[in-house]
Amino acid sequence: MFLIDCPWCGTRPQSEFAAHGEAQVVRPADPAAASDAEWAAYLFLRDNPKGRLLERWVHRHGCRRWFTVARDTATDRIEAVYPPAGGPAGPPSGPAGGDR
Amino acid sequence: MSQTSRLPQGGRIDRARSLAFTFDGERLSGLGGDTLASALLANGRVLVGRSFKYHRPRGIVGLGAEEPNALVRLGSGAAAEPNARATCVELFDGLAAESQNRWPSLTSDLGAAAGLLAPILPAGFYYKTFMGPGAGAWRVYEWAIRRMAGLGRAPSGADPDRYEQRFAHCDLLVAGAGPAGLAAALAAGRSGARVILADMDREAGGHLLAEGDDLAVDGQPALGWAAAVAAELDGMPNVQRLCRTALAGLYDGNYLTAWEQVTDHLGPGRGGGLPRQRLWRIRARQAVLATGALERPLVFAGNDRPGVMLSGALRGYLHRYAVLAGRRVCLMTNNDSAYRTAIALQRAGASCILADLRSDGTPLAAAARAAGVEVLTGHAVTQAQGGMRVDRVRLRKMSESGGAMIGGLRKEAVDILAMSGGWGPNVALFSQARGRLHYDPALTAFRPAGGPQGLRCAGGADGATSLQAALDGGVAAGLAAAADCGFDAAPLPPLRAEEPDVPADGGAGRVRAVWIVPGEHPVGRGPKQFVDFQNDVTAGDLQLAEREGFSAVEHMKRYTTTGMATDQGKLSGMNALGILAEMRGTSVDAVGHTTFRPPYVPVTFGAMAGRRTGPLFDPLRRTPMQGWHERQGALLETVGQWQRPLCFPQALPDGKREDRAAATRREVLAVRHAAGLLDASTLGKIMVEGPDAATFLNRLYVNRFDSLKPGHCRYGLMLTENGTVLDDGVVARLDARRFHVTTTTGGAAHVLDWMEELLQTEWPDLQAWCTSVTDHWAVATLSGPLSREILAPLTDIDLANAAFPFMTVREGLVCGAPARIFRVSFTGELSFEINLAARYGRALWDCLLAAGSDRGLVPFGTDAMHLLRAEKGFIMVGQESDGTTIPDDLGMAGMVKGDKGDFIGKRSLSRPDMLRGDRKQLVGLLTAEPRTVLREGAQIVAPDAPDPRPGQKVPMLGHVTSSYFSPTLNRSIALALVKGGRARIGEAVKVPVMGGPPVAASIAPPIFHDDKGAAARG
C-alpha cells in the first residue's frame, strides 16, 4: 500500500483513494459525430504500459476530489501528482494517455 | 524430575519455576523460559507429529519460526489453535498440546498406510489420477483426500479471545533485535529518530541467545551487551521496542504489518485486560531488516527421521535451554558452523562424530578433535535410519568430486543427527518489498542486491557471517537510515566483537554446495530424501517435475508444492533451487527464485479481524423506524449496509406466526385493496442544486429535466457511457435550481460518486452541486386505494387529485412536521411517499399506522414490494437488468429523449450491437400450470428443444429475471429477458428444471395487473 499526495489533503494512504484508470482520455466533444470505431476507442481502448502511466485517482474517503497521478506501473512509484484541469496547475500533456 | 535431557546447570531458564504441561494427554514438566519444543526435548521427546501427505513420524528440526514439523494443537474447544509451532510457543503452567494428523495416536497412526503407497503418490499424482468419471468426480476425491492429508483442524466455535489492531508511524523500523538490529536501533535512536524495533522473541539478542557465553561485545558477554542496549533503548522516549512481535508483511512504501502475541505466553484467561494478540500496521520512512540468517537442512536419505535436527538449533537448545537432545550425536555439515555445535555438545557430555562433506577440512577440525570430536573429512551420512527416532547412521567417504561414494560403509548408533547445509540470509521481508536478490556462490544462498528506496538489510540478512560484520552492518544501516530521515547522527564508536573459532575476516569457512548428498541409491529410488518436510516433497519429486517439463522455478514450486506450506519454504526454498539448477545443468542464478509473499509467519485470522467481528464487521445503517420493525419480529434482509424488513409475520389464532409466504400474500392484498405502509428510508436521496442543475441532469439521464416544471416528478433512467442501465429513480424538481433525486437503495453511493466524477472531470464548467441526503429523510410510503383518506386528516396539503396529481411533489406539514410528499407509485396503487426529517421518522410511522388501523392499513416489507411491482411490470435495476441491458431491452426506448442533445450513454445506443434484432427483451412469462412458480435465473428454451444432456448444446432464448406467485391474480407470474421477446408474445416456450420435467410457459406482455395504470392516477 503506497502513499499518495492528495493535492488538497496532503499525504494519505492508498486505501483512502480509488483509482479510475488512464487519465486524459478525452470524451469526444460531439459524440454523435464520432464513428463507431472512434467511439469504441474512447470507451474501451486504454494504454497498459509497463512504466509511467498518468492515472485518474479520487480521494474517495477524504475530500472526494479527482486528480491525476503519474505512477510507474512496474514499481508503484508515484512520480508526480497533478491537480485537475482548472485547478492551480493543469496536468501536463504527457506522453502517456494522450488525446483520443 | 523427568527432564532426562536437561543439564544440571546453564541455560537461560528459571530452574525455580517448574511448569506442568501435557502433550497428547501425558503430564510433563518444563521450566520457566522454556518453549514447548525445548520442554519436550528436555523430556526426551523428539517425535511430535505426523507429516502432511505420507503420515511419516516427524520430530523437532529447528529452533524458531523456521520449524517445519513441530506443529501442534494448543488448548481445546473454541479457543484451540491448530498448527502452532512448538518452537515458538512459550511454555506456561497448564499448557495442553496435542500432536496433529495422526489417528489413533502419534506412535500408531493408521494414516501411515499412505506411506506404503508412497511409490505411487509422486508429485502431480492427484492431478493425473483423479480425473473422472464425470466433471463432479474431483469433488468426491477431494473430500477423501482432504480427510487424509492436511495439518491441524480449525476449531468450529466462535473465538472467545479478544484481538486488537494498532497503527504506528516511525522514522525507522528495525526488524529483528539481534546484534545487527540492536546496533541499528541504537545508532538511529541516539540520533533522535523515532524508532520501532520489533522482534519475535521475548528478549533481545537474536542468535546470541542460542550461542554460548564465549561471545563478547566491547569486552562484556554478548548477551549482557544486548541486554544493556535493550535497556538503553527502552529508556529512550523516541524508541519503541516490540517483543513477541513478528513482522509478517512488508509492502510498498515501507508499510508493514506486525503480529504481536501480547498474552499468549501467559496462558488462556490470564491476560488480564490485555488482548490475546495485536496486529500492527506500521508506516516507516526507513526500514532496516536485520532478520538474520537461516540454516538449511541437507538433503539425504532418511533426513526426515525424528531426531534429525539442524545443527544450529541443537546448539541453541543446549545453550539457551540447557537441553542436551542426544548423547550420541552425529553431525553432517558442508561448512564450519557445525564444528561449534560439535565442540559444545562434546563439552556438555555428548560423544560426537562430525562428517564434513568438504574433503579439504578446516582449521577448526583441530579444535574439535582436541575437544574429543571424531572428525571425518570428505564423509557423508548416506542414510539416517530408525522408526520413531533416528537410531543409526550410515557413513561413507565421498570421492573428491562428491559424485560417488568410495570406501567402506560404517554404521554408527546415534540418537541425534545434526545437519548443516549452510546459512542463507533471511530475505523474505526484503523480497516481499521487491528487493532484488542475487546468488552468492560463496554463501551458497541468495542475498540482497539493491532494494527499493528506504530499505536496507543488515547483519545475517545481508550476508554477514560474523558477529563483527553484523555489528558493523547494523551501525552503518542505522546511521544511514537516520541521516536519510534528516537526523544528524553522532557516529557510534565502533563495536568490537570477540568471537572464538571465527577467522578475523569473518565467514563460516568455505561452504561446499552439496544439494543432494550422494546416497547408496539413485535419487528417487532409495529411501526418501526430503526437500520440503512440511509438504512432504522429496528430491525425487523435484526430479520428476523437471522431467515432466515443470522446470521453470515457479512451475516446479506449484507442481510439487515445494515451499507452499505454512513455513513458506524457509528451509526448503534454497535447496530446491540448488537441486533444480543441478538437474538443469545451469547456475542457481539462471534458475532464479520464487516470489516471497506475506505473511512471514502464519498470522491468526483473529488478529487480522481485530474488533471487526460480529456486529462490528460492517457498519450497520438503521432507519429511524428500524427499532419498530425489529420489535414486531419482521424478517430482515441485508441490502448493502441496511437491514430491510422482508415482511411482518403476524401472530395467528393458534399462537403460531405466519410464514414468509403467508405474510407477504396478506401484505400484497392489503395494498391492493386497502393500504400498506413501507419504510422506504433506505432509498438513495441526492439533492442536486445550482443554476446548471437541470442541464447537468439532462446530460446524466436519458430523460429531459429542463422541461420538468417545479413541483413535478419524473421517472429517470441513468446509463453508463456504454449505454447500459446504471440506475433508476424518481427526480423531483422543487424549484428552478433544486432537484430531489432518488436512486436505488444499493446504487446510492455509486450514483453520487458518478455525479461528482462527471462534474469534476467532464463538466467542471457546470454550476451544480450534489449532496447525499439519504440519511436526512425518513420515508414512509403509504400505498393503496385508501391511502388518501388515511393521510388527509394528518396533513395540511390538499390531497385531491386535481390539487395534487400523480407525479407531482408537494411540501407541507404531516403529523405536525415539515414534509415533502411525492405522489409516485412503485406498487401501482395510489401512493404517497412521505419524507420527513429523519428525527420525526418514527413518530410519522406510529402516527400513520394509528390513523390507518381501522381502515386495514398494514406495514409491508420488500417481499410484498417486489411482488407488487412485478405484477405491474416495473423493473428493478440489477434484477431485470444486468451490465448489458439497454433501455430498449426493457421497453423503455420511448423514455430516451434523442432531441435534447447529448447525454451519457447516448452515442453507445447506436452502436451496431445495440441495434441487433435478437437482443434479449423484457417480457412476461405465464406458466401453463398456474400454480407452478419458475425459478429466478432459469433458462428459457424453445418448446421443441431437446432435454439438456451433458455434452449437448441447447440454444437458450433467455432467462427468468423475477418470478412470484401473484396473490392479486391468484397465479404465478414471471418477468424474463427473451431474445426478440416482444415479437414472440403469445408463443410457447419451455423452462428446463434440474431434476424434473421442463415447465411449459407462454410469453406474455410484462404487465400483469392494471395495464392502463389507472389505480396510481386515481
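## Chain B at a glance

Chain B holds 24 helices and 50 strands, taken as DSSP runs (H or I of at least four residues for helices, E of at least two for strands) numbered from the N terminus. Its C-alpha atoms fill a box of roughly 115 × 70 × 60 Å along the principal axes.

Of its 1018 residues, 52% count as buried, that is, with 20 or more other C-beta atoms, placed from the backbone, within 10 Å of their own. Take the contacts in chain B (C-beta atoms within 7 Å) between residues at least 6 apart in sequence: 66% of them join residues at least 24 apart.

## How to read the model

This is a predicted model, where local features need pLDDT of at least 70 and side-chain atom pairs count only at pLDDT 80 or more, while totals for chains, interfaces and linings use all residues. Residues are numbered from 1 along each chain as its sequence is written, with chains lettered from A and ligands numbered from 1 in the order written.

## A sheet in chain A

Over in chain A, four strands make an open, antiparallel sheet in the order S3-S4-S5-S6; strands pair if DSSP finds at least two bridges between them. Strands S3 (18-22) and S6 (78-82) of chain A sit at the edges with a single partner strand each, so one side of each has no neighbour in the sheet.

Strand S5 (residues 66-72) of chain A runs antiparallel to S6(A), joined by four bridges. In one of these strands, S6(A), A:Tyr82 is the bridge partner of A:Thr68.

## Where the chains meet

Chain A puts 17 residues into the contact and chain B puts in 18 residues. On the side of chain A, helix H1 (residues 36-44) gives the largest share, three residues.

Definitions and conventions
Two residues are in contact if their C-beta atoms, placed from the backbone, lie within 7 Å. A residue is buried if 20 or more other C-beta atoms lie within 10 Å of its own, exposed if 12 or fewer, and partly exposed in between; C-beta atoms are placed from the backbone.
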